Amino acid sequence: MAVIRSVIRGVGAHLPKRIMTNDDISKIVDTTDEWIVERSGIRQRHIAGDDELTSTLGIAAAHKALVRAGIDPTDIDLVICATATPDKTFPATAVKIQAGLGITRGCAFDVQAVCSGFVYALTIADNFLKAGQAKRAVVVGAETFSRILDWTDRATCVLFGDGAGAVVLEAQPQHGTREDRGILATRIRSDGRYEDLLYVDGGPGSTKTVGHLRMNGREVFRHAIQKISGVMEEVLVMTGYAPDEIDLYIPHQANARILDGIAKKLNVSPDKIVMTLSKHGNTSAASIPLALNHAFEEHRVKEGSLVMLEAMGGGFTWGAVLARW
Ligand code: UT7
């Protein structure tokens, strides 16, 4: 039976110019390159300059994705930006990205699911496309987390960085089988009981400030492997694939030890798991499209590749998307 699927036509990414190494950070807080690498796998992160905003990073990433897709921005009728660090409280950063790309039709809005934001945004875009409410979408994950970090808190400031990534989706008729191209299954979850483990201690409606990121890393770590594996298993059951039939896992890049733990739990070879966090740290909603872009540029993702995207973040929120490139 013919169905509409959201086919990924292009991917792009953009990182700020300025790089901050672990040694650079050890001059600001009491830490070492050795501790950061051993506990997280991170070696450096990119930090946005005064002339760089979440929207400008997002525009650059989306522009590259559109060029690769060979699609003119004026043919886009949906722009979704996943971000927890919008340029302003409003308007949505997605609207600025829409304008920056020269798009004046359709709609644009932000999605706030922190590190799971890209998985949430892809799921929403997929539903718009399948429902016939849009034909071509740009889905962006963009963050300037450096601006909500407490640069005196060594337990958090060493982990995060800035960046953006984007994909272009197009609604295309497919056969309705698991061999189709495009997004095959999505599952998103949340549980607000865990707010206190990962949150920002400010906001326009409470403190009237932006606030700083606060995290109980050890507790988040404890939940991550179990929740992420669980949601991936659900998506595998929905499509009837076994973990080792997936060509590539493109996870949220928070901690190398979490990714190793997931590989062990699902019994998949670690070389099927794309790891880019050593180069840019945890970039929240941007990290999956940054990793996807890396895998594409390394020719590890090509037409027909079966890719699993997954994330967990503040809220807690978590989710997974299975797609065939
Ligand atoms: O993206 C959203 C999801 N986020 C995550 O998935 C993050 C999950 N959590 C983690 O990745 C890890 O828990 C961390 C990398 C954040 C921390 O690793 P850990 O092995 O859980 O360390 P810990 O928090 O248990 O801290 C161990 C020790 C503590 O000292 P004591 O109490 O044992 O004396 C910390 O004070 O390491 C100390 N510490 C540091 N030492 C040097 C904490 N941060 C640092 C630091 N440099 N930057």
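Which element gives the largest share of the lining of the largest pocket? The tour reaches the answer at its second stop.

This is a predicted model, in which local features need pLDDT of at least 70 and side-chain atom pairs count only at pLDDT 80 or more, while totals for chains, interfaces and linings use all residues. Residues are numbered from 1 along each chain as its sequence is written, and side-chain values use heavy atoms, with hydrogens and water left out.

**Stop 1: the cores**

Select M232, I246, Y249, I262, M308 and F316. These residues have the most contacts inside the largest nonpolar core, which has 49 residues. Such a core is a set of buried Ala, Val, Leu, Ile, Met, Phe, Trp, Tyr and Cys residues joined through side-chain atoms within 4.5 Å; buried means under 20% relative accessible area with a 1.4 Å probe, protein chains only.

Next, colour β8 (182-190), α7 (217-239), α8 (256-266), β12 (306-313) and β13 (317-324), each of which supplies at least two residues of this core. Helices (H or I, at least four residues) and strands (E, at least two) are DSSP runs numbered from the N terminus. With eight residues, α7 gives the most to this core.

Now centre on I246. Neighbours within four places in sequence aside, I246 is in contact (heavy atoms within 4.5 Å) with L236, Y241, K272, L306, V307, M308 and L322. Another core, of 36 residues, lies apart from the largest one; I8, V11, V274 and W325 are among its members.

**Stop 2: the largest pocket**

Select A84, T85, P86, Q112 and V210, the closest to the centre of the largest pocket among the 38 residues that line it. Its volume is about 900 Å³. A pocket is an open set of points on a 1 Å grid over the protein atoms alone, where a 1.4 Å probe fits, with protein on both sides within 12 Å along at least five of seven lines; lining residues have an atom within 4 Å of a point. The volume is the space filled by probe spheres set on the points, which are joined across faces, edges and corners.

Then show β5 (107-111) and β9 (198-200), the elements that give two or more residues to this lining. The opening question is settled here: β9 gives the largest share, three residues.

**Stop 3: the second largest pocket**

Select L159, M215, G217, R218 and N255. Of the 32 residues lining the second largest pocket, these are the closest to its centre. The volume of this pocket is about 760 Å³. Finish on α7, which supplies the largest share of the lining of the second largest pocket, seven residues.

How values were computed:
Buried means under 20% relative accessible area, exposed over 50%, partly exposed in between (1.4 Å probe, protein chains only).
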